[in-house]
Amino acid sequence: MTIAKHALLNDLFVSDDVPVGQLIHSGLLTCPPETCLSEAARLMQQAHVSCILIQDPETQALVGIWSEGDARRLDFTDRQLISRPIGDFMSHPVRSVPASWSLNQVGMKLKREGVRRLLVIQDEDQRPLGIVTQTDVVRQQGLEHYLYMREVGSAIRQPPLVLDARMPVAEAVHTLQESNSEAAIVAYPQDLHHPWGIITERDLIRLLADAQNYVCLGDIATHQLLSVEPDTSLIAAVNILREKKFRHLGVIGPQGQPIGLLSLGDILASVEYAYVNRLREALSARDSALKASMEHLRLAQKVIEVSLDGIIITDARGIIESVNPSFTELTGYTAEEVIGKTPKVLSSGRHQSNFYQNMWQALKQQGYWQGEIWNKRKNGDIFPEWLTITAIRDEKEQIIQYAAIFADISDRKRKEEKIHNLAYFDELTGLANRRLLNDRLQQALSQARKHEAMLAVLFLDLDLFKRINDSLGHASGDQVLRRVARRLQDAVGTEDSVARLGGDEFVILVPEVEHLTDLERLSHRIIAAIHQPMQIEGQELFVSTSIGISLYPQDAQNTDDLLKNADSAMYRAKENGRNNFSFFTQQLGQETSSRLTLENALRRALHQQAFQLFYQPKIDIHQGKLKGFEALIRWNDEHLGFVSPADFIPMAEQLGLIDSLGNWVLHEACQQLKWWQKAGLDVVPIAINISARQLASPHFEASIHQALQDSKIPAYLLELELTESCFLPEHAEAIACMLHRLRQLGIKISIDDFGTGYSSLSYLKRLPLDTLKIDASFVRELPHAHDDCQIAITIIAMAKALGLNVVAEGIETYEQLTFLREQGCEQGQGYYLGRPSPANQVVTWLAQDWHTQVYDH
Ligand SMILES: Nc1nc2c(ncn2[C@@H]2O[C@@H]3COP(=O)(O)O[C@H]4[C@@H](O)[C@H](n5cnc6c(=O)[nH]c(N)nc65)O[C@@H]4COP(=O)(O)O[C@H]3[C@H]2O)c(=O)[nH]1
């Protein structure tokens with residue numbers, strides 16, 4: 001038989017998401033359990049169905065099912081077989097699926113339960129609707145391309161069972177049962193034209209239904225085998241079966257011999273493998289997806305539970321659905337207290353309504369909002385939090401929930417504030433620091449430029465603040481600075497414009513100045529405020545300040561120059577007697593710049609030791625004898641020329657260079673003495689000037705020892721000239737002790753410029769002094785100025801009373817010399833007797849007759 005390929009039947013394969021209820025043919029074949037087998041078989045034959053359901057006549061319940069396949073398991077040798085009740089052979093219970101299930105779900109259930117048929121029942125009332133078989137499901141799976149690609153030959157799993165038509169019926173059924181075949185090819189050896197027929201389960205049903213006494217297989221078999229060749233495609237085979245309404249198809253080999261017997265079920269079973277595989281994959285994918293999502297869910301739940309951040313879940317309207325434990329921890333509200341309410345319960349009242357409006361708008365449009373927000377705890381505390389809100393949408397993109405996650409950032413805020421304060425404010429006084437001042441000054445400058453306004457910077461420091469620190473300690477010094485800061489703020493009126501640069505330096509920024517008189521008034525106010533007495537640790541202190549003022553645009557155009565010029569002006573104010581103020585002037589600017597040049601040159605000179613010592617003789621004006629020399633430093637700079645020590649010594653003190661400079665003088669003088677000694681000269685002591693800061697240095701005493709040791713000159717050849725300013729009260733004791741020690745070595749000590757300071761006599765009395773030097777300013781007008789005469793006389797008398805030598809400085813005339821001698825002054829020094837001169841001059845002086853110099857006019 002030649003068979004053409006048929007088009008695919010449209011109803012063979014349908015989509016698998018159609019509910020199974022719509023695919024089955026409604027109507028069920030039922031019979032009571034007592035129905036005999038032959039009756040049941042007859043009913044099935046009539047109805048053209050492959051199974052019958054057994055129904056309890058009383059309860060109407062379906063209690064079992066019997067199918068064609070079950071017929072094969074019957075014992076056809078049993079003579080009573082056909083009259084036995086079907087209830088004895090049925091399978092039960094009847095497994096069912098709801099009509100709403102998809103074919104996929106049905107397929108999975110068939111697979112799980114290991115059955116080929118399921119009863120389809122109505123979802124609502126469980127009413128039985130029909131039967132769905134595995135073949136039905138396979139047909140719907142869109143597997144037609146498998147059928148196209150494969151040939152009939154490939155679906156043959158085993159050679160066909162071939163039974164002789166002459167075989168007794170019972171034996172044939174038994175053979176079918178034995179070989180577990182639902183059909184067999186029947187051989188008709190005598191019929192050369194139609195040598196093949198077929199016997200199927202359905203024939204067995206007929207056998208049961210007819211209740212006739214068939215003898216041999218040929219009596220019940222169908223003597224016609226619908227067959228195809230092995231290379232026919234499976235889809236063609238399926239179509240033939242559908243068209244002919246047959247269930248089996250023989251496969252005949254090239255030599256005409258049967259090589260297979262395929263049923264629709266077999267064909268579908270051959271593609272079932274692919275289907276089952278797909279099903280398995282689907283099942284395992286679903287299982288692992290389920291497992292993964294459960295895992296995710298569990299994890300998410302856990303994360304929410306243990307999260308240190310507070311978490312709120314609301315519905316789409318913002319009603320709180322759940323919160324986590326950290327929420328309670330952070331806000332003080334339990335879950336029960338807030339569920340059903342909106343997050344408004346946390347509202348701090350610090351934000352305007354448009355803040356929340358913007359938040360909601362962002363949430364609705366972008367599904368996301370993040371930012372800082374102030375909220376309120378249950379106990380009323382207001383705290384800052386970092387909040388992230390995310391909208392959760394369903395598959396249709398509708399917002400169904402909001403998840404809000406927040407962290408309390410009070411700590412972070414505090415730290416940020418601290419860092420900001422540290423960066424911009426002075427820790428001690430709370431005033432703006434240099435950085436903030438610079439920022440403010442920049443801003444004020446650009447404003448002033450824009451509005452063509454005048455701006456002022458007041459630079460001030462506390463006069464002699466170091467004394468307070470040194471004598472009362474740093475803690476007291478800090479207290480003074482704090483008080484001063486407050487007084488400045490009070491005097492200025494606005495907190496923002498006062499800054500502390502460090503140490504005792506303060507700056508006041510006046511952003512808009514109309515008249516200079518305003519600045520004068522402000523300066524007076526500040527000076528007066530600072531000068532008010534201060535109680536510090538039980539002591540009453542009087543602090544004063546000096547203020548320097550520079551102006552934009554007159555004095556400077558930028559912040560640096562404004563500050564620098566105000567600083568210079570402040571020094572001018574100090575020079576003018578402290579506790580006052582001074583405006584910057586162009587001349588001061590020039591001075592500042594030449595001062596800078598001088599400073600640099602001094603550092604260079606010190607580095608290169610570009611100094612020289614000159615010596616000025618001290619003469620006994622009664623006996624005409626050389627008594628000693630005063631060493632005076634000289635600096636002849638290659639660019640600046642001769643620079644007076646009166647200019648560079650104070651500068652060296654300010655710059656902290658005086659120790660090294662003083663040390664150089666000390667060593668140079670000692671070395672000089674050593675050379676003179678070595679030269680066999682009859683040397684006299686050399687006095688060196690010691691500045692106040694040098695004397696206060698902790699290394700001073702050691703440096704004296706070192707110089708003596710290095711030069712090996714006897715200590716009595718060294719004299720120290722100190723000024724009254726060396727004896728600051730806070731160091732008085734320590735200095736007195738040190739001087740006693742030095743004196744014990746043999747070193748002489750004199751007070752220079754006596755009469756210009758304010759030393760208390762009782763203190764001077766306690767010092768180990770040898771000599772008082774009358775300051776040149778009292779000598780200059782002698783003997784004509786009455787006051788000076790009186791002072792000179794008094795100092796001489798006092799020195800004598802204290803048992804001290806007295807030396808008059810700056811003697812320029814014979815008259816001055818005579819007056820002083822007549823008043824009892826022992827020694828003199830000055831241009832009249834000898835100008836400060838280099839070391840080589842000393843050799844002449846050592847040999848000179850000073851008597852004539854003193855007496856001969
Ligand atoms: N008009 C006038 N002046 C006279 C006369 N006789 C001496 N002089 C000057 O008067 C100053 C005396 O020194 P001083 O009072 O200790 O005053 C010194 C002293 O305080 C300081 N000085 C000088 N050399 C040193 C030094 O090596 N170390 C320290 N620390 N200070 C020094 O510099 C000051 C100025 O020193 P000089 O310029 O050398 O000025 C010297 C000296 O040259 C005179 O008859 N008429």
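This is a predicted model: local features need pLDDT of at least 70, side-chain atom pairs count only at pLDDT 80 or more; totals for chains, interfaces and linings use all residues.

Modeller: What follows takes each label in turn and sets the value against its definition.

Colleague: Why is glutamate 668 called buried?

Modeller: A residue is buried if 20 or more other C-beta atoms lie within 10 Å of its own, exposed if 12 or fewer, and partly exposed in between, with C-beta atoms placed from the backbone. Glutamate 668 has 21 other C-beta atoms within 10 Å, and therefore counts as buried. Its place is in helix H23, and the C-alpha atoms of glutamate 668 and phenylalanine 611 are separated by 9.9 Å although the two residues are 57 apart along the chain.

Colleague: How do you know that isoleucine 240 is buried or exposed?

Modeller: Isoleucine 240 has 20 C-beta neighbours inside 10 Å, so it counts as buried. This residue lies in helix H10, residues 234-244, and its C-alpha atom is separated by 9.4 Å from that of valine 228, 12 residues apart along the chain.

Colleague: What makes H18 a helix, and how does its span compare with the expected one?

Modeller: Helices (H or I, at least four residues) and strands (E, at least two) are DSSP runs, numbered from the N terminus. Helix H18, residues 474-492, has 19 residues. The expected span of a helix is 1.5 Å times one less than its number of residues, and H18 reaches 26 Å from its first C-alpha to its last, close to the 27 Å expected.

Colleague: Why are the buried residues of H18 said to be on the same side?

Modeller: The buried residues are Gly477, Val480, Leu481, Val484, Arg487 and Leu488. They cover an arc of only 130° around the axis, which puts them on the same side of H18; the arc is that of the directions from the helix axis to the C-beta atoms. As a general point, an α-helix has 3.6 residues a turn, so residues three or four places apart point the same way. H18 is followed by glycine 493, whose phi is positive, near 95°.

Colleague: What is the corresponding description of helix H20?

Modeller: Helix H20, residues 559-575, has 17 residues and reaches 25 Å, close to the 24 Å expected. Its buried residues include Leu562, Lys564, Asp567, Met570 and Arg572, and just after H20 glycine 577 takes a positive phi of about 110°.

Colleague: How do you know which strands pair with E30?

Modeller: Two strands pair if DSSP finds at least two bridges between them. Four bridges join strand E29 (residues 718-722) to E30, and these strands run parallel, with leucine 722 opposite isoleucine 751 in E30. Three bridges join E30 to strand E31 (residues 771-774), also in the parallel sense, and there phenylalanine 754 has isoleucine 774 as its bridge partner. Seven of the seven residues of E30 are buried.

Colleague: Why are E14 and E15 called edge strands?

Modeller: They belong to an open sheet of five strands in the order E14-E13-E17-E16-E15, with antiparallel pairing. Strand E14 (320-323) and strand E15 (368-376) each have a single partner strand, so one side of each is left without a neighbour in the sheet. Neighbouring strands of this sheet are turned by 25° against each other on average, direction ignored; the axes behind such angles are lines fitted to C-alpha atoms, for helices over the stretch in contact, and angles run from 0 to 180 degrees between N-to-C directions. Within the sheet, strand E13 and strand E17 pair over six bridges, and threonine 314 stands opposite tyrosine 402 in E17.

Colleague: What makes a residue part of the shell around the ligand, and how does that shell divide?

Modeller: A residue is near a molecule or strand if its C-beta atom, placed from the backbone, lies within 6 Å of it. Of the 22 residues around the ligand, Ile633, Pro645, Asn689, Gly830 and Tyr831 come nearest. Among the elements that each supply at least two residues of the shell are helix H23 and strand E30. The shell divides into 12 nonpolar, seven polar and three charged residues, where Ala, Val, Leu, Ile, Met, Phe, Trp, Tyr, Cys and Pro count as nonpolar, Asp, Glu, Lys and Arg as charged, and the others, Gly among them, as polar.

How values were computed. Residues are numbered from 1 along each chain as its sequence is written.
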